[in-house]
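Please read it with the structure open beside you.

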Amino acid sequence: MGCFTVIKVLMILFNLFIFLAGGALLGVGIWVSVDGSSFIRVIGPVSSQAMQFVNVGYFCIAIGAVLVLLGFLGCCGAQKESKCLLILFFAIVLIIFIAEIAAAVVALVYSSFAESLLRAWVTPVLQNDYGRRNDVTGIWNTTMSELKCCGFSNYTDFVGSYYFRNHNNTFPSFCCNSTALCTETAAAKSDVQGCFRQLFDILKENANIVGGIAAGICALEIAAMVVSMYLYCKIDGKE
């Protein structure tokens, strides 16, 4: 068995795994979208701490769809020795890799800019969906309870929100230190920190783990690009 055949088989197996993982993630995304509360009960509070800034269901569906597409292109491209599928696989992985590097640079160098982007994304969710949608409400309640935080920045994220209007102009109990009604005066006096700052502190404390995971993902992407280009060039030579 030659080197080309070994690498081809490894490419097929690796992308088959990616395809199956993407399908599983798609299933999880659909599950969260349909019945988010049961998903929260299964994963518990640990995982939910990192989930409050996104619509988890749609996020999982989007990532799962990309993984399914990549797995299909890589697997079929290697199996059928299709230059077109292999170069398309390479291009998509390259775009994802560049996007990840750009996001990391923005997050590390321009942290205030990244915070502004997240705030613009998260605040409408708190304003319109918290208290209305069970999945969003459940994730935020678990997060605020575990991290002892309130909203994205602080209690002001809930001013004028759906929850605020439908609960006699009061805030979620997590925004106050007392057990009484969480009015604006009580929330301002309690001065509970926002969840972004709490999560940011957790990420800094676990920077080595986060960096290791990120480096591992980048290494896999680079390896996938190298292998796909190797197969592409070898197929060109065979022809």
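Which hand does the link of Cys150 and Cys175 have, and how many degrees lie about the S-S bond? The link is right-handed, with 75 degrees about the S-S bond.

1. **Ground rules.** This is a predicted model, where local features need pLDDT of at least 70, side-chain atom pairs count only at pLDDT 80 or more, and totals for chains, interfaces and linings use all residues. Residues are numbered from 1 along each chain as its sequence is written, and side-chain values use heavy atoms, with hydrogens and water left out.

2. **Overall build.** The chain has ten helices and zero strands. Helices (H or I, at least four residues) and strands (E, at least two) are DSSP runs, numbered from the N terminus. Of the 239 residues, 36% count as buried. Buried means under 20% relative accessible area, exposed over 50%, and partly exposed in between, with a 1.4 Å probe and protein chains only.

3. **Contacts and surface.** Take the contacts (heavy atoms within 4.5 Å) between residues at least 6 apart in sequence: 71% of them join residues at least 24 apart. The chain exposes about 13,300 Å², and carbon and sulfur atoms supply 67% of that area. Accessible areas come from the Shrake-Rupley method with a 1.4 Å probe; for residues, only the protein chains shown count as cover.

4. **Disulfide count.** The structure holds three disulfides. A disulfide is a covalent bond between the sulfur atoms of two cysteines; the cut-off here is a pair of cysteine sulfur atoms within 2.5 Å. Number the bonded cysteines in sequence order, and the pairing reads 1-6, 2-3, 4-5.

5. **Cys150 to Cys175.** Back to the opening pair. The S to S distance is 1.9 Å. Cys150 sits in the loop between H6 and H7 and Cys175 in the loop between H7 and H8, so the bond ties together parts that are 25 residues apart in sequence. Both cysteines, Cys150 and Cys175, are buried.

6. **Cys149 to Cys195.** Here the S to S distance is 2.0 Å. This pair links distant parts of the chain, 46 residues apart: Cys149 is in the loop between H6 and H7, and Cys195 is in helix H9. The S-S torsion of Cys149 and Cys195 is about 80 degrees, so this disulfide is right-handed. Cys149 and Cys195 are buried.

7. **Cys176 to Cys182.** The sulfurs of Cys176 and Cys182 are 1.9 Å apart. Their S-S torsion is about 80 degrees, so the Cys176 and Cys182 disulfide is right-handed. Cys176 and Cys182 are both buried.

8. **Cys75.** Cys75 counts as buried because its relative accessible area is 18%.

9. **Nonpolar cores.** A nonpolar core is a set of buried Ala, Val, Leu, Ile, Met, Phe, Trp, Tyr and Cys residues joined through side-chain atoms within 4.5 Å. The largest has 23 residues; Leu126, Trp140 and Cys175 are among those with the most contacts inside it. The elements giving two or more residues to this core are helices H5 (111–128), H6 (134–147), H7 (162–166), H8 (184–190) and H9 (195–205). H6 gives the most to this core, with four residues. Another core lies apart from it, with 18 residues, including Phe4, Cys75, Ile92 and Cys218.

10. **Leu126.** Leave aside neighbours within four places in sequence. Leu126 is then in contact with Trp140, Gly151, Phe152, Asp157, Phe158 and Ser161.

11. **Nonpolar surface patch.** Val9, Leu13, Leu16, Phe19, Leu20 and Phe72 make a nonpolar surface patch of about 540 Å². Patches are made of residues with over 30% relative accessible area and no salt bridge: like charges are joined within 9 Å, nonpolar side chains (Val, Leu, Ile, Met, Phe, Trp, Tyr) within 5 Å. A salt bridge is a side-chain nitrogen of Lys or Arg within 4 Å of a carboxyl oxygen of Asp or Glu. Helix H1 (residues 3–34) gives the most to the patch, with five residues. Phe72 is found in helix H3 (residues 56–79). Phe72 counts as partly exposed because its relative accessibility is 43%.
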